[in-house]
Amino acid sequence: MTHGPGTGDAGDGRQGRLTRERVLAAALDLVDREGPAALTMRRLGAELGVEAMSLYRYAPGKSALLDGVAEALFLELESHLAAAARPSAASGPALRAELHRIALVTYQVCLDHPEGTLLIFSRMTRVPLARRPPPVLRGHERVLALIQDAGYDQVHSARIWRAFMAWILGYVSVELQAMVDDPSEPDPAFRLGLHRMSFQELPTLRTTAPALAERGGPDGLTIGLDALLDRFL
């Protein structure tokens, strides 16, 4: 991930001095409202009330801005998780409870920012570990330290971390899948566009589609997480 050359204050926007965090938060807000295609230096500068050139201190171009949107998501996640300190020695039920909390907060942040979350899958997964931004690395550290504090060695904690992250991100990706074909259509079948799918070829998918269109929600997340943790803890 490419970072700008500075992270301090530089320049005045509509709401005071710019910081990297402010720039990335504004980029995330713009992506949430209008999608990644709307994010340009000129448009973001207008949102912040500054010249586009002043943003190059924080990101050298649109590609870095898109990476920064993913970083902003992790900053928000970190802020929510910091609201309650993790247990100093989480074992047994305490470990499971804290992993539940991290999973649920991650889920909510992702659903609050669906467009930004898609950038995690399209961009962040290609960034090598050592080049990921500090908020991402601190998130990895949080979970690994939590597991190892409970007495698991490095090899087993890596297995748990990998399964934990795969479940959360996989679950979120399914929750965010586009399902509605015509939002203005009141009839559920036409709303989902089931008439476009062959009943002869896809009978099970067609009849199950209305259930698939309903999000699994936090309950589905934690039920699956418990099943996974039962295997590892």
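**View A. Crossing of helices α1 and α5 in the predicted model**. The axes of α1 (20-34) and α5 (residues 114-122) cross at roughly 105 degrees and come within 7 Å; axes are lines fitted to C-alpha atoms, for helices over the stretch in contact, and angles run from 0 to 180 degrees between N-to-C directions. This makes α1 roughly perpendicular to α5, the class for 65 to 115 degrees (under 35 is roughly parallel, over 145 roughly antiparallel, the rest oblique). On the α1 side L28, V31 and D32 take part, and they meet P114, E115 and G116 of α5; contact means heavy atoms within 4.5 Å. By class, the contact of α1 with α5 holds 3 nonpolar, 1 polar and 2 charged residues. Ala, Val, Leu, Ile, Met, Phe, Trp, Tyr, Cys and Pro count as nonpolar, Asp, Glu, Lys and Arg as charged, and the others, Gly among them, as polar. Residues are numbered from 1 along each chain as its sequence is written, and side-chain values use heavy atoms, with hydrogens and water left out.

**View B. The buried residues of α5**. G116, T117, L119 and I120 are the buried residues of this helix (buried: under 20% relative accessible area; exposed: over 50%; partly exposed: in between; 1.4 Å probe, protein chains only). Seen down the axis of α5, they fall within an arc of 145 degrees, so they line one face of the helix; the arc is that of the directions from the helix axis to the C-beta atoms. These residues pack against α1, α3 (62-81), α4 (93-112) and α7.

**View C. P114 in helix α5**. P114 is partly exposed, at a relative accessible area of 35%. Apart from neighbours within four places in sequence, P114 is in contact with D32 and L176. D32 is also one of the α1 residues in the crossing with α5. Between P114 and Q177 lie 63 residues of sequence separation, and their C-alpha atoms are 9.8 Å apart in space.

**View D. Packing of α6 on α7**. Helix α6 (residues 134-149) and helix α7 (residues 154-175) pack at about 130 degrees, with axes 9 Å apart. The two helices are therefore oblique to each other. From α6 the contact draws on H140, V143, L144, I147 and Q148, and from α7 on Q154, S157, A158, I160, W161 and F164. The residues of this contact divide into 7 nonpolar, 4 polar and no charged.

**View E. Packing of α4 on α10**. α4 and helix α10 (residues 217-232) pack at about 140 degrees, and their axes are 10 Å apart. This pair is therefore oblique, and its crossing is right-handed. α4 contributes R96, L99, H100, A103, L104 and Y107, and α10 contributes G217, P218, L221, T222, L225, D226, L229 and D230. The contact of α4 with α10 has 8 nonpolar, 3 polar and 3 charged residues.

**View F. V180 in the loop between α7 and α8**. V180 has a relative accessible area of 37% and is partly exposed. Leaving aside neighbours within four places in sequence, V180 is in contact with R191 and L192. Helix α8 covers 188-192. V180 and G193 are 13 residues apart in sequence, and the C-alpha to C-alpha distance is 7.3 Å.

**View G. G61 in the loop between α2 and α3**. G61 counts as buried, at 16% relative accessibility. Not counting residues up to four places away in sequence, G61 touches M41 and Y56. A separation of 46 Å lies between the C-alpha atoms of G61 and P93, which are 32 residues apart along the chain.

**View H. The whole chain, for orientation**. The chain has 10 helices and 2 strands, which are DSSP runs numbered from the N terminus (helices: H or I, at least four residues; strands: E, at least two). Along the sequence the pattern is β-β-α-α-α-α-α-α-α-α-α-α. Taken along the principal axes, the C-alpha atoms fill a box of roughly 60 × 55 × 30 Å. Of the 233 residues, 39% count as buried. Among contacts with a separation of 6 or more, 69% come from residues 24 or more positions apart.

Methods. Predicted model: local features only at pLDDT ≥ 70, side-chain atom pairs only at ≥ 80, totals over all residues. Left-handed = near helix turned anticlockwise from the far one by under 90°.
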